[in-house]
Amino acid sequence: MKTQVAIVGGGPAGLLLSRLLHLNGVDNVVLERRSRDYVLGRIRAGVLEQGLVDLLHEADVAERLKAEGEVHAGFNIAFHDDVCHIDLAQLTDGKNVTVYGQTEVTRDLYEALDTAGATVIHDAENLALHDIDTDSPKVTFDQNGQEQIISAAFIAGCDGFHGPSRQAIPNSVRQEYELTYPFGWLGVLSETPPVAEELMYASHESGFALCSLRSRQLSRYYVQCPVDDSVADWSDDRFWDELKSRLPTEVANSLVTGPSIEKSIAPLRSFVAEPMSWNRLFLAGDSAHIVPPTGAKGLNLAASDVYYLSRAFVDYFNRDVESPLRDYSKTALARVWKAERFSWWMTRLLHLFPDQNKFEQRLQAAEFNYLLNSEAAKLALAENYVGLEY
Ligand code: FAS
Ligand code: PHB
């Protein structure tokens, strides 16, 4: 099989890139290791920056988002018993975020690609990249026991943190920067009304908690948990009790609990691999970088990578202009590192670090009090939360 761009990974980055390339006449194929049901069974991000919303409109996949997504003009941060409201719209001249599950974004993209007759290959096993330092790179994979070969002009590595694309860049070329956090997030989805109109991030002496949502009948909650915990350690009752204990009393008292319909633990890390491109391979999304979900940046960074990369491929194929492809890594990394900084900052502010000494605990309290009493500090948080310019 021949194509112009072979896209490894059928998550949001790979699918959005495929859709934008198709709309601009650039032939591509998506190769996904898992089944479609498996991909759509993942519960991940919930907050979309305006940049991603705009890109989904450009990709003509925003009908359901427009109908079901909830625009949020602010959110709350509770720090022990104090609550700080971040009025995003007032601080950023009207910018906001939209609450709409990543699962739904992925579903909308799959449907649009199917309708357009795009080639999305699932259950692509043992995928490997070849000859990325030549003009005719290839991808091989097994499907139903048969080896398949796809040759392409370029390969887009959109295969997430555990995919093979990043490793295809030689160790002598690739630099990796990483921070791991000594805790994880236990997430629960429940068919219960959200505890509040807006999201609430809560920092408490027993740990972090987050009250989010997917709709007025579907809530998404998180509590910080030990990194080596497993879902089996957490009954629904234990989860609800721990969540309530970390929220301001009046919020905890209004929490509607119910059976979990999904429960998972995500490790937290900050990670960047440089460069994000090498010869004919270009990385986008989690294959190149990971942020702790505190700042709701993971999915949104995948979007800005795809914004830059899709435009660079279109310039190359449709206008014979190569410079955006040459500059892609530098352009994408500039925005990635600012989101890494913000996600790290928000994670440091809100979580209980087991090895934290008393001085660091006072620093955390001072950071929150500065935020609570400074419009400049709130603006800095707000402009990062709604998303910096692409
Ligand atoms: P993805 O990981 O979504 O997609 C990569 C795809 O590549 C997957 O479908 C995978 O099956 C496929 N793949 C992997 N190896 C392959 C191979 N060898 N061959 C073919 N395909 C292969 N972000 C937030 O903003 N908020 C959150 O709350 C949040 N929670 C998260 C929880 C978890 C457990 C994880 C892992 C991430 C979370 N994220 C969150 C971040 C997440 O939303 C990512 O940023 C987002 O999925 C990035 O999209 P992709 O880059 O497409 O990567
Ligand atoms: C979510 O709704 O899953 C969510 C919201 C905000 C975050 C992280 C996750 O910062």
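**Conventions**

I worked from a predicted model, in which local features need pLDDT of at least 70 and side-chain atom pairs count only at pLDDT 80 or more, while totals for chains, interfaces and linings use all residues. Residues are numbered from 1 along each chain as its sequence is written, chains are lettered from A and ligands numbered from 1 in the order in which they are written, and side-chain values use heavy atoms, with hydrogens and water left out.

**Salt bridges**

I searched the whole structure and got 22 salt bridges. The criterion is a side-chain nitrogen of Lys or Arg within 4 Å of a carboxyl oxygen of Asp or Glu.

I looked up Lys95 and found it paired with Glu389, with 3.0 Å between the closest N and O atoms. Lys95 is in the loop between α5 (88–91) and β7 (97–99), and Glu389 is in the segment after α12 (375–385), so the bridge ties together parts that are 294 residues apart in sequence. Helices (H or I, at least four residues) and strands (E, at least two) are DSSP runs, numbered from the N terminus. Lys95 is partly exposed at 37% relative accessible area, and Glu389 is exposed at 60%. Here buried means under 20% relative accessible area, exposed over 50%, and partly exposed in between (1.4 Å probe, protein chains only).

Next I checked Lys263, which bridges to Asp236 at 2.7 Å between the closest N and O atoms. Asp236 is partly exposed, at 22%.

I then took Arg319 and Asp315, whose side chains form a salt bridge at 2.5 Å, N to O. Both are in helix α9 (residues 298–319), four residues apart, about one turn of the helix.

**Ligand 2**

I listed 14 residues around ligand 2, of which Tyr201, Ser212, Arg214, Tyr222 and Pro293 come nearest. A residue counts if one of its heavy atoms lies within 4 Å. Polar side-chain atoms of Ser212 and of Tyr222 each lie 2.6 Å from an oxygen atom of ligand 2. A polar backbone atom of Pro293 is 2.8 Å from an oxygen atom of the ligand. Ligand 2 taken alone exposes 280 Å², and the protein buries 98% of that (Shrake-Rupley method, 1.4 Å probe).

Which element gives the most to this shell? I found that β14 does, with three residues; β14 (207–215) and β15 (218–225) each supply at least two.

**Ligand 1**

I found 29 residues around ligand 1, the closest being Glu32, Arg42, Arg44, Gln102 and Asp286. A side-chain N or O atom of Gln102 is 2.5 Å from an oxygen atom of ligand 1. A polar backbone atom of Arg33 is 3.1 Å from a nitrogen atom of the ligand, and a backbone N or O atom of Leu299 is 3.2 Å from an oxygen atom of ligand 1. Ligand 1 taken alone exposes 1,000 Å², of which the protein buries 86%. The elements giving two or more residues to this shell are α1 (12–23) and α9.

How values were computed
Polar contact = N/O pair within 3.5 Å; in protein donor to acceptor, adjacent residues only side chain to side chain.
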